[in-house]
Amino acid sequence: MASSRPLLMASPRIPSSHDFQSISTLNDLLKPASTDFNNPFESSVNSESIVHSSSRRTGTSYQRRASASNSVREMNFGDLGSRSVSYGSNRVESEGFGTSQKEINDEDARLIYINDPAKTNAKYEFSNNSIRTSKYSVISFLPRNLFEQFHRVAYIYFLLIAILNQLPQLAVFGRGASILPLAFVLFVSAIKDAYEDLRRHRSDRVENNRLASVLVNGRFQMKKWKHIQVGEIIKVPSDQSLPCDIVLLSTSDQTGVAYVQTINIDGESNLKTRYAKQETLLKNPEKEKISGFIKCEKPNRNIYGFLANMEIDGKKMPLGPTNVILRGCELKNTEWAIGVVVYAGRETKAMLNSSGAPSKRSRLETQMNREIILLSLFLVVLCTIVSTLFGIWLARHKDELNTLPYYRKKTFAGGKEEDYNYYGLAPEIFFTFLMSVIVFQIMIPISLYISMELVRVGQSYFMVRDDDMYDEASHSRFQCRALNINEDLGQIKYVFSDKTGTLTENKMEFKCASIYGADYSSGAACEKVGYTVQVDGQVLRPKMKVKVDPGLERLAKSGKGTHEGKCIHDFFVALAACNTIVPILTDSNDPTVRLIDYQGESPDEQALVYAAAAYGFMLLERTSGHIDIDVLGERLRFDVLGLHEFDSDRKRMSVVLRCPDNIVKVFVKGADTTMFSLINKSLNLDVIHATEAHIQKYSSHGLRTLVIGMRELNGPEFEQWQSSYEASSTALMGRAAKLHQVASSVEKNLTILGASGIEDKLQQGVPEAIESLRIAGIKVWVLTGDKQETAISIGYSSKLLTGEMTQIIINSSRKESCRRRLQEALDMLRNCTRSSRPVALITDGTSLVYILDSELEEELFLLASECAVVMCCRVAPLQKAGIVALIKNRTDDMTLAIGDGANDVSMIQVADVGVGISGQEGRQAVMASDFAVGQFRFLVPLLFVHGHWNYQRMGYLILYNFYRNSVFVLLMFWYTLFTDYTLTTAITEWSSMLYSVIYTSFPTIAVGILDKDLSRRTLLRYPQLYRPGQREDCYNPKLFWITMVDTLWQSLVVYFIPLAAYWKTTIDGSSLGDLWTLVVVCLVNLHLAMDVVRWNWIMHVVIWGSIFATIICLIIIDAIPFLPGYWAVFHIAGTASFWLCLLAVPIAGIIPRFVVKILSQFLCPDDIQIAREAEKFGHLIGRGGSEIEMNRSSNPLRRQMS
């Protein structure tokens, strides 16, 4: 009869790098636009982040970054105090955002007098430039470190036990021995913390003692960084780091441009431009005194925003983010830069952002507390039994207490009769209870905590050294940034993923274009070495190669003689000029050839500029006032009259140029959702329709699209725009709103030039990884800022969406509409559930504005939790965090968030496990994460292999520690019952202390680090084997109680067999105690050995070596004359019963467990056991179509896979 059990099928193969082919994905617009553009939240965030100056600026990504940074800030640093975080748009409090987004008022400003630090610091003494990243000082180390360590309740418990043992009435063990275990644990942790802090002290000392050139008495002199003050003027040479945050005054460049690298701030290696104001550019502080002041915002964490005004020689001017250079940035391609210090030391933006990710506790450790409470109650029960029975014994023998040798009530010392340490019946019962707590204290295993820490360190070492998670492209290994949640990787149920840079490479390549209604995407593109030009006897060519369309290339070279040629000319001029790219010359292997490396913050802009160069429109130079472009061999200069940067409200950018023929033109590029509304539809309607069709075609092929438009400005229009632009740029209040109005006045009635298609490829192995995650029962949700078509396309190409899925799409701009669509979706979901069709939910950020933080949130949860796939498009960073919180707060399932950019930090920190990707968008996500990987596909070995191993090992480690200590406590409990409840112990105090430290600790640590229930190959081949972690099969209340029942049996065997063997013999209690110690150590180590799956030489050494170490310790302890039980072990070892007990007790104790284990594996084997047997008989797997039959489960996802 055919089996009805599900089949364990192989996972999709994760190919090696040479197996991959190019996979196109659908994306939208620029990555900087990855926010919800239509909700009031984003508008409010970006209301004041665009701060222009009379100097031309760069940095199209500032608005996106300001938005992301502020969203992150609300989640990361708790600026809201007791306020609850609102994930929707309508209830976001402005206090959650940096002051960079608001107008400066007197309360929120600081006044800095240029080159006058004394006057600057006279009223308010600002922070000096000394930094401190260390936690402790010599004086504060001991109290603060102890305070932090005693945050663990178990440490307080053992401290109280040690204090009780110091009281004469309660002293059971030696006073030193009772303190030693806790002191050892505290000492080891303190040494570790001290070593780490010492390294921080040394780093701080080196940093603070670095030298910088500071203007003192009219001359620049060297000064230590720690002595620099706010208001001083400093000079920074090329390739040097900035010691503090400065406002740029002048540079070696005649136009006031400085190039900086911000890799130490945000991880981005691309050069960024900063500008000095024209009013200060020509001032030499060594020859003439610069007088004035700066009124700027108070220190805040927003590294992408800065709002200030500067007054020089009576003239006021605005300052923005491009006028300031932050501490940690490096000056590049600029000989020197001079600036005035505005923030120093701990008030610099870099130091304010130095906080790490929030502390997280593993699910297993949280659940462990439940069992610790149960063990504590069990301890109370044992102590209550002992004290109660002791009270009964006292009452029965009250007439004999005066003369009982081992309980003498009366003392006749000094010829005077009096009570000897007897306080009455009730106090004696109470004291006995407390003494019982001291004797049975190891019921709560203090060694468990340090064992868990050591095991996690060992596990992290092997995860970091795993070559399967080494990214050759970025030369980066796996990073374990949070040691305390390793085991959570084995219980993940939901994965929330960003798209661009996480599922895709975020490396853009120009693929095709639509120019004036003509589609240039069908031709066979060929790769060119690149267009080259000759300048000063040297050949210049672009650093990157671009595939070009032969037909388009031929038309581009034909010139502007035809209308078609003129449109192509304007299209590529727009691509080369409408951006913030900076061309940097680099050397090549050929000394006669130099390469042009186009540096910029947006990969999309880089791709467009490289494409323009490939077609003969090569950007050669960019300054604050002009752009030089080589157009088909002729170098042309375009004067930059104004730049309206990209922002998430307009979703476009524009540049106003005076062309070589003196015609003023406005070039605009942006998202199709806004650009088509600006096109003059009275002209060339056929071209507009054709372009729209081409954009739809490009999107369906997974390309990111931009629309390019242009208009000419006549004399009056230009003059009106110029006056408005200059007035708005220098406005002290409402600057951003005025600049928006000015931009809108020229970004209208455009002539459409065309559209571009850029490919963002899927990362290697993404489809196979997602399919494996799905087979493992993990739901993958994609949260992206891109448009819906892009998300759907990436869903199909990555195998997240399939053809058999029913798609439920919710796009609503009103609350009532959202409510209606949610109800309709729930009805549809019920119909799909009856037909067993998987459902995919697709929604957008506008809908989430009205759903999150409202009564509709519960309906969204009911809908989304039943869907196989959820995709959220056009979502803001806080909305991403809100979606994660929706699942985390309403279910017990473990969540994992993975992303690569600053806009992913919020969801990474909200999720149970946060994973950052070292991608193209910097290191913000990595810095805020718990773990970091190079590519998305590394989630598969991270979860299926290391996550599975870590969870299985840690679950066993905790249960084993409970079992090991409980056996020992119950052994002493039985002895107490047979000694009239006097709490005397046959086992010496030193053996009691060493039991958890030396006798049994090392084997558990070795197993927790090295044991493997299944091989890596099997775990990767059969993703279903990940599900036991989701079901908590390795650690749950049922296993705990089974362990406790087994513990009870083993304690009875350990105590009564030796007792029976030596009943009515001359062997004393100390000798019997040594036998009990030895047999219990043998038993628990054999118990552990029976559960070890992968044996190696280390396992043998620690398990059998622990038994040998116990024997040695017993011999040493009993050989010391002044310790109790002198020579006891030698007395009992000379009897035959001693050796029989050593053999009989472990066998009798383990037999029940062994029998139950064999029967359970034979009658109802679980998935792990089936796979283990298949590994043992390798011929059953590894053949092409072979499958392993798996057990049924109540989990509906555990069905037959075909």
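Angles under 35 degrees count as roughly parallel, over 145 as roughly antiparallel, 65 to 115 as roughly perpendicular and the rest as oblique. The model examined here is predicted, so local features need pLDDT of at least 70 and side-chain atom pairs pLDDT 80 or more, while totals for chains, interfaces and linings use all residues. Residues are numbered from 1 along each chain as its sequence is written, and side-chain values use heavy atoms, without hydrogens or water.

Helices here are DSSP runs (H or I, at least four residues), numbered from the N terminus. The axes of α30 (residues 1001–1010) and α35 (residues 1097–1118) come within 8 Å and cross at roughly 160 degrees; axes are lines fitted to C-alpha atoms over the stretch in contact, with angles from 0 to 180 degrees between N-to-C directions. The two helices, α30 and α35, are therefore roughly antiparallel to each other. Contact (heavy atoms within 4.5 Å) is made by Phe1002, Pro1003, Ala1006, Val1007 and Leu1010 of α30 with Ile1098, Met1099, Val1102, Ile1103 and Ser1106 of α35.

Helix α30 is also mostly covered, with 9 of its 10 residues buried, that is, under 20% relative accessible area with a 1.4 Å probe, protein chains only. Among the elements covering these buried residues are α12 (446–464), α28, α29 (989–999), α34 (1069–1091) and α35.

Turning to the nonpolar cores (sets of buried Ala, Val, Leu, Ile, Met, Phe, Trp, Tyr and Cys residues joined through side-chain atoms within 4.5 Å), the largest has 101 residues, of which Met368, Phe440, Ile958, Phe962, Leu1075 and Trp1076 touch the most other members. Helix α28 (residues 939–977) gives the most to this core, namely 18 residues.

Terms used. Buried < 20%, exposed > 50% of the residue type's maximum accessible area, 1.4 Å probe, protein only.
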